[in-house]
Structures are given as structure tokens and as C-alpha cells.
Amino acid sequence: MHLDLKPLTQCKILIVDDDEIIRFSLQAIMEDYFEVETQAMGLQALDYCKSNIPDLILLDVNLPDISGLDVCRALKQNILFEHVPIVFITATYDTDSQNACWEAGAADFIGKPVIASTLIHRTTNHVENKLRLEVLMDLTYKDSLTGLYNRHYLEKEVCNSLKQSERDKKPFSVLMIDIDHFKLYNDHYGHLQGDICLKQIADVFANTLKRPHDVTIRFGGEEFLIVLPYTDIKGMTHVCKQIILQINESNIEHSQSSIGHVTVSIGGVTSQKQSTMGLNKLISLADEELYCAKRDGRNCYKLQVV
């Protein structure tokens with residue numbers, strides 16, 4: 001089966017090494033093949049990865065602030081980095097050191113001094129394998145119409161994201177979104193136009209949610225679920241306002257609605273850091289708030305904190 005992979009020149013490599021000469025040397029080798037970013041410290045790299053997901057990380061084992069092994073372990077605890085290959089750059093070849101790299105979650109390691117051809121071939125192989133895996137996961141976990149995640153992804157992956165937030169003692173928010181009067185829309189405009197409308201709404205979600213760990217799921221029909229890890233009530237409120245604003249500005253015609261264009265209703269719930277409430281319960285509470293938004297006139301949001 002042919003897989004349409006992203007070009008390597010669009011793939012991002014993160015180099016983490018405190019030695020400026022090595023860092024720049026690796027960058028010079030890699031930048032003809034990939035997009036390259038560099039960091040000198042482990043904590044800087046972890047901070048960078050909060051808002052960026054590279055396609056591969058080249059990581060020095062010995063960093064002055066925290067160990068490269070600790071950086072690797074921290075990233076591999078995050079579901080977003082589950083399939084990101086981390087390749088250690090090391091001058092130590094003994095068995096214990098190699099085993100420590102594997103146990104930390106490394107995909108590979110390359111010895112110093114680095115041979116350019118070896119570096120390019122190994123990183124290219126790892127990145128291409130990652131790209132193939134991502135395409136296959138999209139075929140499994142993505143809704144074919146909207147391109148959003150599907151219920152299968154919700155059941156397999158989102159629970160892990162909630163557990164991660166609970167381990168970090170951070171808030172976790174869930175939104176249930178429903179297109180108002182969508183049955184009337186389909187009856188009037190036809191199901192093909194209804195599909196176009198669903199895609200337009202999905203595009204609004206994509207334009208609104210910018211963080212890599214935020215997830216939008218087509219929950220069923222005209223219902224959508226948005227998962228917002230590390231998001232409190234203030235952040236959830238901001239997202240709701242932006243979604244409603246952008247959908248209203250899209251002005252998708254809906255002659256069967258009293259407003260004259262497509263609108264959505266939103267119900268949301270934020271689980272505070274001390275809560276250990278399960279995902280199904282959070283979805284149920286968000287659904288209750290969605291019902292309240294419908295009851296109160298639609299084109300609005302209702303939220304609660306638990």
C-alpha cells in the first residue's frame with residue numbers, strides 16, 4: 001500500500017547538546033535534509049517541547065542541568081511523544097550506559113565522534129518509520145469526512161491524556177458541542193451539503209485550537225468532543241468564546257434557523273487538579289451542560305467546575 005508521507009524537508013529535528021561546537025556541527029549536517037532546532041539545556045528542551053512536537057530528537061546523554069536520560073523519560077511519559085524517536089548522542093559505549101539509554105525510552109544511539117553519513121541514514125530511517133506509523137494511525141483513528149479524531153481514538157488514547165493530567169495535578173477540561181437544528185439543515189439543504197457544513201465546522205475547530213495536545217473528536221453525527229488537557233475554567237471559557245465567534249463569523253447559511261445561519265451550543269466541564277473523575281463521567285457532565293445551553297436558547301455555552 002502506497003503511503004503519502006510528509007517530505008523530509010518539512011520534518012523537524014530537535015538537537016539538544018550543551019557543547020556549542022557539537023550542536024552547530026550536528027545542525028550543519030542535518031539542515032540540508034530537515035528543519036532543525038537546537039537547545040543547549042535539558043530543561044530548555046522540555047520547555048520547548050511543551051508547545052512543539054519534533055519528528056525526531058537528537059539528545060546528549062550528559063547535560064549540565066538534568067541528565068539526557070531524565071529528559072527522555074519525561075518526554076516518553078507524555079502520550080504526544082510516544083512515537084517520537086529519541087536518539088542519544090554519546091561517547092560512552094559500555095553495556096550499562098547503552099542499557100540505560102534503552103530503558104529510558106531511546107529509539108537508538110549514535111557514538112561520538114559522529115560520522116555524518118551514519119547520522120543522516122539513521123535519522124532518516126527513524127523519521128520515515130515515524131511518518132509511516134502516523135499515516136497508518138490516521139487511517140485508524142481519524143474520521144474520513146472531517147479529518148477529526150474518531151470514537152476509537154477517544155477510547156484508546158484520550159484516557160491516557162487524562163491520567164497524565166492527574167499525575168501532574170493539572171486541570172483537565174472537556175467540551176461537548178452540537179450543531180443547532182442540524183436535522184432541519186439536512187432536510188432542507190440535503191445530506192451532501194450537510195457534509196460540507198460538518199467539514200466547515202471542523203475547520204473552525206482546527207483554527208481555534210493551536211496547542212498540540214488539544215484534541216477534537218467527531219463524537220457522532222453533528223456532535224463533537226473537544227479535550228483540553230492542562231486547561232482551567234478560564235482557558236475553557238476562552239475556547240468556547242472563540243468557537244462561537246468564529247462560527248458566527250463564518251455565516252454558514254441556515255434558513256431553517258431563527259438566526260439565519262449555522263450556530264452551535266457548547267457544554268463544558270473542568271476537572272480540577274485534585275479530582276480523579278473518570279473520562280466517561282466528565283463527558284456525561286459536559287453533555288448535561290450542553291443540554292442546558294440548548295434549553296437556554298442555543299448559540300451559547302454552559303460550563304461547570306468539578
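Which residue takes a positive phi in the hairpin of E7 and E8? In this hairpin, which has two residues between its strands, the residue is Gly-221, with phi near 55°. The structure is a predicted model, in which local features need pLDDT of at least 70 and side-chain atom pairs count only at pLDDT 80 or more, while totals for chains, interfaces and linings use all residues. Residues are numbered from 1 along each chain as its sequence is written, and side-chain values use heavy atoms, with hydrogens and water left out.

Helices (H or I, at least four residues) and strands (E, at least two) are DSSP runs numbered from the N terminus, and two strands are taken to pair if DSSP finds at least two bridges between them. Strand E8 comprises residues 223–229. Strand E7 (residues 215–220) runs antiparallel to E8 and is joined to E8 by five bridges, with Gly-220 opposite Glu-223. Strand E6 (residues 172–179) is also antiparallel to E8, through seven bridges; here Asp-178 has Glu-223 as its bridge partner.

Seven of the seven residues of E8 are buried (under 20% relative accessible area, where exposed is over 50% and partly exposed lies in between; 1.4 Å probe, protein chains only). Glu-223, Leu-225, Val-227 and Pro-229 point one way from the strand, and Phe-224, Ile-226 and Leu-228 point the other way.

A further sheet is open and consists of five strands in the order E2-E1-E3-E4-E5, with parallel pairing. Strands E2 (35–39) and E5 (108–111) stand at its edges, each with a single partner strand, so one side of each lacks a neighbour in the sheet. Neighbouring strands of this sheet are turned by 20° against each other on average, direction ignored; axes are lines fitted to C-alpha atoms, for helices over the stretch in contact, and angles run from 0 to 180 degrees between N-to-C directions. Within the sheet, E3 (residues 56–60) and E4 (residues 86–90) run parallel and are joined by four bridges, and Leu-59 stands opposite Phe-88 in E4.

Several backbone features lie in loops. The peptide bond from Lys-112 to Pro-113 is cis, with omega near 0°, and Pro-113 is located in the loop between E5 and helix H5 (116–141). Lys-169, in the loop between helix H6 (151–167) and E6, has a positive phi near 55° although the residue is not glycine. This lysine is exposed, with a relative accessible area of 58%. His-181, another residue other than glycine, likewise has a positive phi near 55°. The loop that holds His-181 lies between E6 and helix H7 (182–189), and His-181 is partly exposed, with a relative accessible area of 29%.
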